[in-house]
Amino acid sequence: MIAVKLEPEPMALPPDYLHAKQGPMSWLTTTDHKRIALMFYGAVLVMFLLGGVFALLFRTELLSPRRDIMDATTYNKLFTWHGIVMVWLFLIPSIPNIFGNFILPLQLGARDLAFPRLNLASFYVYLVGATIVLSGLFAGGTDTGWTFYMPYSENTPVTLFPVVFGIFVVGISSIFTGLNFIATVHMLRAEGMTWRRLPLFTWSIYATSIILVLATPVLGLSLILVGLDHVFHLGVFDPATGGDPVLFQHLFWFYSHPAVYIMILPAMGVISEVVPTFAHRRPSSYAAIALSSLGIAFGGFLAWGHHMFVAGISTLDAGVFGIFSMFVAVFSAIKVFTWVATLYRGDIVFSTPLLYFFGFLFLFVFGGMTGVAVATQSLDVHWHDTYFIVAHFHFIMVGGSLTSFLAAAHYWFPKMFGRLYSERVGLLAASLVFMGFVLTFLPQFLLGNAGMPRRYYSYPAEYQWLHVLSTGGSYLLGSAVLLALGNLALALAYGARSEQNPWEARTFEWLSPSPPPEHNFESPPVIDREPYAFDLSEEQIRARAFPG
Amino acid sequence: MPAPSPAEQFATLERQGATLRFGMWLFLTSELLLFSGFFALYGAYRATYSADFQAALHHNTLAYGSVNTYVLLTSSFTVALSVSAIRRGAGKAASAWLGLSALFGLAFLVIKAAEYGVHIHEGALPGHWYRFREAPTLGGARFYTLYWITTGAHALHVTGGIGVLLWLAWHARRGRYLPEYHPTFEMGTLYWHFVDVMWIFIWPIFYLT
Amino acid sequence: MQPIDEWLRKLLLLPPAASSMARPIDRLHFSVISVTMLGATLLVLMGGYYCVRYRRRRPRGPSETRPAAPTPPLWAELGLVGFLFTLFVAWWAVGFKQYIGLAQAPRDALDVYVTAKQWMWKFSYPDGSQTIDELFVPVGRPVRLILTSRDVIHSLYVPSFRLKQDAVPGRYTSLWFTATALGRQPIYCAEYCGTDHSRMSGSVVVLSAEDYSRWLAQPGTRRAGEGNAGTRDAELRTEGERVAARHGCLRCHTVDGSPHLGPSFAGLYGADIPLANAEHVTADVAYLTESMMDPALKVHAGFEPVMPSYAGYLNPPEVSALVEFIKSLKDVPGQSAREHGVPAASAVTLPPPAGSIGRPPGEPLALPSEPGHASEQGFAAPGRELMPLPRAPRETLEQKLGDGGAP
């Protein structure tokens, strides 16, 4: 086989990472964090679309209280699949594994992650785990809900083991990634990059990684035990042999509550980059955002019991878990106030990522405030396991994470691909995503107030109008997301070439060419300033980073 | 042999070694949290069935557990000897010490298997398979369920650890580790020590008190 | 206040409040929701205003510098955090207080035992009668539900009472309310429990005091229990006495007030019990059921912690029968609570009978049998015979081991 020698680029610059090597093998065996990020991008988007299709299917069934397109068993499987795919295969890996992987080394001024081969292994482990999960779902599927509560999960007649085993494998991938990020942040910062100069996105990915490394093993353990209980009847949590099903809930939420912060912390990190960049001013309080990320990461480990206020835990335990939940709410509120204060006396350029920030602000603030409400225990007794909770966590996890996922996809699009998307379509899609989202989930708050429990296949007829609104909203949301992604896909091929730093950002990833060359920087940058130095001009920034 | 050069992302070899060490400690933290899950389960159930647990515990043969503790501690000692051999530049000696350690590891597994055999014969099996007539209690069933999953998970780690030791021994024999730079070797042996330390926690709660 | 409450309730689509706790909870609900929603709206509007007010009005060149942006003073930041913290903790305090109130039933509450199974609710009343999916309660009188489940976790939810409590297999949880409005209120199962989760509904029928006593007097209107045929018409406490004999309870607990290995059942219910750790507890339903399931947790002072756990040995109807039996001995002249603390010396020094540790004395042990029928059992159709535990058939250890381990 004759290797085709490419014409050298007309400029003296080295070829970017997309063109540095050619052929499928150069992708499949790459250790370049940017290429691995793109492979994650593809895999995670497939999971996202799949999870979305499941949601639209069961929302369609809920248009009427009767049987419309599926029976109760299928419905139960579909909401389970939706939860499993969205939580374990989309939300948790999405921002850290795509944008964290791509941007974090660039923001640190590093040439790659600390363990590039581990990073590639993380991708393949994810792929294997996701394949096992999906084959388990399609081979008969689980109907336990994504929370796998015992003892239902032990006794359910449908396939369970491949699904929990697959999630365990995906968890290994998460541990690899988290470990890699922490090691990179500690050991591979560029010269002059002190902890106080870390960009805020890096701070949030760092806090996320701590949760990934500490909480994932406990989840892996409890899910494997569920699987073994189901297959071999070990009865670890089975009351028939003296086991305690509530103990499973403790173990499960010990991970899965921090997992909520695995989903939202990176989202907050994205927002903390988008707001200063488009307001062209430094965040009103850098320390408040950075430290509250750590506060959320650690406080989140002490709040898991608020999922169990009506499970029969002791009153005192419930009180303690309630007040820790309030702490986390205060940390989140600090961030929100800081973002809004960052707009004050800024030099604001309104663009698609900033519009997503507004969607995020609305959804996160309302979702977060309902979080304060459900952490108030006597109120949670009414709302627990109703549509109110469904709406609450979709506002935070999906409204928050999805809007900032899309914000990041737009914000770093020029960085990743060197092209610009259509701003007009981007703004339109962002508005539609927001409207679809509110239309889907606002009625669900009211449904929960009215007393509609979650995971119901049929329901009293008086709730129907709210369900119809919600289903209509979900169709709008689905189309809007496709529009946003389609806009980006078209820009891949037809978008105008972007400058190196189209948003006049100041963080360090924009110091390398867009798209960056294989090892990120032509020469290692020198960091002698805070990350959001908008008082300096772009020329000054470049001159100080590369004095040579 | 050419002097090793740091990988692309590292400025110096020292930095690379330090990063490897740091990463390994993070990994061990993660592993520790995994075992802490088992210990949390044990603690929670023991609080409920404390008398049953104590009764069941005395049916475990202390000799098996103690001999195994002795075997593992000795293997840790021989692993430490292999590290000092590498520091001297004696790759072959290091390889031999590791081989011996792997044999100790194997001995641990053989003894464990013999003990499992006794348990199977007695019917001291997990959960719904529990048929142990000497401790016919729910707490006893609980104790042996936890016993099987905890020691089973530990035995899997020992098996993995033996694999790591053999891999290191193979490379040490071929002279892949320099006296002044051998973080991979050190990290592999650290993993073995970790597996060992976990047993030091498992041993008392299933055999002693 | 009242018209605003009513208006907010309708705006938020809350069902009409029908229990004594519903109103205070709703009031907290309204204050939390209106303040948070107002705050959230203000914040979003503020962000929108800044975006318009501080929008870029002219393009900027690459060499242009601008002055550093202002940062808010530290006292403002700390003040804001302090304010939020105080506000949230204040809500938490009120909510926690109400939550404690929800956990503590009045002493004169009417007890009803609830057994959930896929996919039905069974309510057992102290007089031994049972109803399925319909709970009959008198208006204006506290009612306590003691819940458990036979298979998976369920959750009893009455939206108009603003109440919910999980029914957990192998555990007993409780819930109390005082209904304030006559009529029928829906009950839902709120914890996902399988195929027909959404059909596992029922209703609370709140009757006036006269209607309730009429209902009590008419056994024809009630559905008889599906348990053992022999107990169909027996009162719960008679059944409880039988259960106590069958499970060997009476070998250690007397019914005439004389202390033995364990405290006497006579005069036990409602008494103030000194614990081994010097604390005190009231011997209510919660304490009694807890002591059957987890006896080592709160040991009566002066008694050895020799009682084995009966978790898995006693099925839910047996537990409720036992509790009712102990309750019926409440006024039997026995030792007072104080006397409980000093049992006869022989009782303390007596060694526990051989094999008593971890095992109900004198009763062949039932251990769960071969796995394999689990799924079939888990999905028993409603109306089928209730099984004592999710996994059946139960087989005694004696049968399994031949002459067995019982000495």
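The legends below accompany several close-up views of a predicted model.

Residues are numbered from 1 along each chain as its sequence is written, while chains are lettered from A and ligands are numbered from 1 in the order in which they are written. In this predicted model, local features need pLDDT of at least 70 and side-chain atom pairs count only at pLDDT 80 or more, whereas totals for chains, interfaces and linings use all residues.

View 1. The secondary structure of chain C comprises 11 helices and 14 strands, where helices (H or I, at least four residues) and strands (E, at least two) are DSSP runs numbered from the N terminus. Of the 407 residues in chain C, 43% are buried; a residue is buried if 20 or more other C-beta atoms, placed from the backbone, lie within 10 Å of its own, exposed if 12 or fewer do, and partly exposed in between. Among the contacts in chain C with a separation of 6 or more, 68% are between residues 24 or more positions apart, a contact being a pair of residues whose C-beta atoms, placed from the backbone, lie within 7 Å. The domain assignment gives domain 1 (1-43 + 75-103), domain 2 (110-221) and domain 3 (233-349) of chain C, with bounds that come from an automatic or database assignment.

**View 2. The five-stranded open sheet of chain C.** The strands of this open sheet follow the order S4-S10-S9-S6-S7 in chain C, with mixed pairing; two strands pair if DSSP finds at least two bridges between them. Strand S4 (134-138) and strand S7 (163-167) of chain C are at the edges with a single partner strand each, so one side of each has no neighbour in the sheet. On average, neighbouring strands of this sheet are turned by 25° against each other, direction ignored. Helix H4 (residues 209-217) of chain C lies across S4 and strand S10 (202-207) of chain C and runs at about 125° to S4(C); axes are lines fitted to C-alpha atoms, for helices over the stretch in contact, and angles run from 0 to 180 degrees between N-to-C directions.

**View 3. Strand S6 of chain C and its two partners.** Strand S6 (residues 154-158) of chain C runs antiparallel to strand S9 (residues 183-189) of chain C, and two bridges join them. The bridge partners in S9(C) include Cys189(C) for Leu156(C) and Tyr188(C) for Tyr157(C). S6(C) also pairs with S7(C) in the antiparallel sense, over five bridges, and His154(C) stands opposite Ala167(C) in S7(C). These two strands, S6(C) and S7(C), form a hairpin with four residues between them, and Arg162(C) in the turn has a positive phi of about 60°. In a regular strand the side chains alternate between the two faces of the sheet. His154(C), Leu156(C) and Val158(C) point one way from S6(C), Ser155(C) and Tyr157(C) point the other way, and all are buried. Five of the five residues of S6(C) are buried, so the strand is largely enclosed by the rest of the structure.

**View 4. Where chain C touches chain A.** In this interface, 86 residues of chain C are in contact with 81 residues of chain A. On the side of chain C, the elements that give two or more residues are helix H2 (22-53), helix H3 (74-103), S6, S7 and helix H10 (374-378). H3(C) gives the most to this side, with 16 residues. By class, this side of chain C divides into 53 nonpolar, 20 polar and 13 charged residues; Ala, Val, Leu, Ile, Met, Phe, Trp, Tyr, Cys and Pro count as nonpolar, Asp, Glu, Lys and Arg as charged, and the others, Gly among them, as polar.

**View 5. Where domain 2 touches domain 3 in chain C.** Here 13 residues of domain 2 of chain C are in contact with 13 residues of domain 3 of chain C. Strand S1 (110-117) and strand S5 (142-149) of chain C are the elements that give two or more residues to the domain 2 side, and S1(C) gives the most, with three residues. That side of domain 2 has four nonpolar, six polar and three charged residues.

Terms used. Two residues are in contact if their C-beta atoms, placed from the backbone, lie within 7 Å.
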